[in-house]
Amino acid sequence: MANAVRALAMDAVQAANSGHPGMPMGCADLAAVLFTRFLKYDAQAPDWPDRDRFVLSAGHGSMLLYALLHLTGYDDTDMGQLRKFRQLDSRTAGHPEYGAAAGIETTTGPLGQGFGNAVGMAIAERILAQRFGDDLVDHYTYVLAGDGCLMEGISHEAASLAGHLRLAKLIVLFDDNAISIDGPTELTVDDDQPARFAAYGWDVARVDGHDMDAVAQAIAAARESDRPSLIACRTEIARGAPTKAGHASTHGSPLGEEEIAGTRTALDWPYAPFEVPDDIVADWRSAGSRGAKSREAWSKRLDALGMTERGSFDRAIAGDLPAKLSEAMDAYKQTLVAEKPSLATRAASGRALEVVNEVVNETVGGSADLTSSNNTKTTQQRIITADDFGGRYLHYGVREHGMAAAMNGMALHGGVIPYGGTFLVFSDYCRPAIRLSAMMQQRVIYVLTHDSIGLGEDGPTHQPVEHLAALRAIPNLQVFRPADALETAECWELSLATKTGPSALALTRQGVPAVRLEYSQENLCARGAYELVAADGKATVTLLATGSEVSIAVAARNILQSAGHPTRVVSMPCWELFEAQDDDYRAAVLGPDTVRIGVEAAVGMGWDRFLGPRGAFIGMQGFGASAPAKDLYRHFNITADAVVEAAKALL
Ligand SMILES: Cc1ncc(C[n+]2csc(CCOP(=O)(O)OP(=O)(O)O)c2C)c(N)n1
């Protein structure tokens, strides 16, 4: 059965004339053990919520996964798909892509991300098991990771967090083949990986990855452990290839016709490319349906639930928000209109979350050790610990990257809605995972506070200037920068309602005045940008601003207006939503035939498209400085007077 995987991998890579045969061939034995003896799954019901998760963190070995999905009987991955490996419109992309085919649990390829996702999946499993009981939620999360995954820094954050939380149902099979692209790993790394993981509080074992019984024994022992487990499986890359096995050249290049012929002989595999004998297919298919009985038993237990509990479970898994959320948010927005608080938007975010977390049970908040700065923890949230997964708040520690990857895993797992905080400037520390939230269309909410020079004295290392532009450059990521407490509430509503992608909320450290003074039942931020203050008379100037600079624009508008220049102010909390509006709306909001001034305490990259020929940008040209916020705004000339001057110069 393992040789079927080897043959399909080498043949598909050869047919594509690109890909990675070494890893699938080296891991075929241990994968066969996992998929035929342990993994709880049903190829006919890929979305069964209580299936075990299998994460191929070493995503370059994608043919291993595709071969397994095909052989075990996932409909999406038929032989035609294997023949079309790495071609346009196939489901069998170079690296596994979430959503391309059933059975691909997450997008992998950037090494270490899958490992981090798996930690999040294992966390979600524990949270849901505590909430709904072991009868409904009780599964393992398996990971196959290579040297590359374990060399990446993210593996440290993820493994350390998993050890701390004692995620006993997380089992990592380490493809310990001592080879990476540049050659033997001794070129670069001397880490004793099991010792390293033992230090994180994991259970560790070393086995011969080609000794199936040894692998099985190690997995069986890992399942009984009360800690996460790393099984270092010593393997030979491209096992079975007569002259190339064990060599780095097999990592990422086709074996070549001659070597493939030699492999067929060595493995006693006399079949044509993409041909697998019926008896072996039948054995694989029966492995693929091994889980059907436990799935049926699970369905019976689900059906036996009372109406209310069943409703909660189904809604959580579907990721639907409770109907009372909009009512609660509406009431909260009315309070804000009455109060008109001057509040930092990070504090406003905390207040909005109080409302959200009161009615939404699925939110799981957290912060990378900046809880009181990010305002991410609300009164309803108990802390999640190794002994108590009944809480809804995770102290991720100073592990931004691990946090973001774990949140992806939680969102992919389903049943929970993760949000997590750090400073906007440290979005760089989790950017690779943010990019994957966007690519995988996962609802992950990033709470990114201290969003400009407005944070003040901490200085330029902590003052983001290029980060809004950098985040806006990621496709399918909504970047929100609300202007006041009311907009912050609206942006939270929009983030939660967006099931098909992540959101980043850029929030101020410093207080900002209320700028939305009227109640509106409609969520005005939903269109991305809208006229906040109309001109008195026919507008000659449009001021476009986001976040904390909206109030500067309002002040400038009043000066311009008094000087006889009718001026309007547009708040632009979310460029992505604005760009999704129709041409007429966008043109009207941007103010045709007016001078346009963009105001944002960040670099101007991206603003040009809104400003047009009679436009100017007031913002940052370089890094910030360490000083009180007010002094910095004056120093960098982001003031109402500067806006007025720029507008007058263009009138
Ligand atoms: C973050 C990241 N950096 C670099 C790469 C490119 N890359 C893909 S596989 C690989 C080597 C991985 O070595 P190993 O995990 O030992 O895989 P094996 O050679 O055993 O297949 C590298 C550097 C990547 N995919 N992701």
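1. R472 lies over the face of W575, 3.6 Å from the ring centre. A charge is taken to sit over a ring if NZ of Lys or CZ of Arg is within 6 Å of the ring centre and within 35 degrees of the ring normal. K169 is placed over the face of Y140, at 5.7 Å from the ring centre.

2. On the basis of these values: this is a predicted model, in which local features need pLDDT of at least 70 and side-chain atom pairs count only at pLDDT 80 or more, while totals for chains, interfaces and linings use all residues. Residues are numbered from 1 along each chain as its sequence is written, and side-chain values use heavy atoms, with hydrogens and water left out.

3. W575 is also part of one aromatic cluster, together with F578, Y585, W607, F610 and F617. Across the whole structure, the search finds 22 aromatic pairs. Rings of Phe, Tyr and Trp (its six-membered ring) pair if their centres lie within 6.5 Å; planes under 30 degrees apart count as stacked, over 60 as edge-to-face and the rest as tilted.

4. One of the pairs is Y66 with F85, edge-to-face, at 6.0 Å centre to centre and with 70 degrees between the planes. Y66 belongs to helix α3 (residues 62-72) and F85 to the loop between α4 (79-83) and α5 (113-132), so the pair ties together parts 19 residues apart in sequence. Helices (H or I, at least four residues) and strands (E, at least two) are DSSP runs, numbered from the N terminus. Y66 counts as buried because its relative accessibility is 1%, and F85 counts as buried at 1% as well. Buried means under 20% relative accessible area, exposed over 50%, partly exposed in between (1.4 Å probe, protein chains only).

5. F197 and Y200 make another edge-to-face pair, with 5.5 Å centre to centre and 90 degrees between the planes. Both residues, F197 and Y200, are buried.

6. The ligand has 16 residues around it, of which G109, G148, N177, I179 and H251 come nearest; a residue is near if one of its heavy atoms lies within 4 Å. Both α6 (147-151) and β4 (179-180) supply at least two residues of this shell.

7. An oxygen atom of the ligand is 2.7 Å from a backbone N or O atom of G148. For H251, an N or O atom in the side chain is 2.7 Å from an oxygen atom of the ligand.

Note on methods: Polar contact = N/O pair within 3.5 Å; in protein donor to acceptor, adjacent residues only side chain to side chain.
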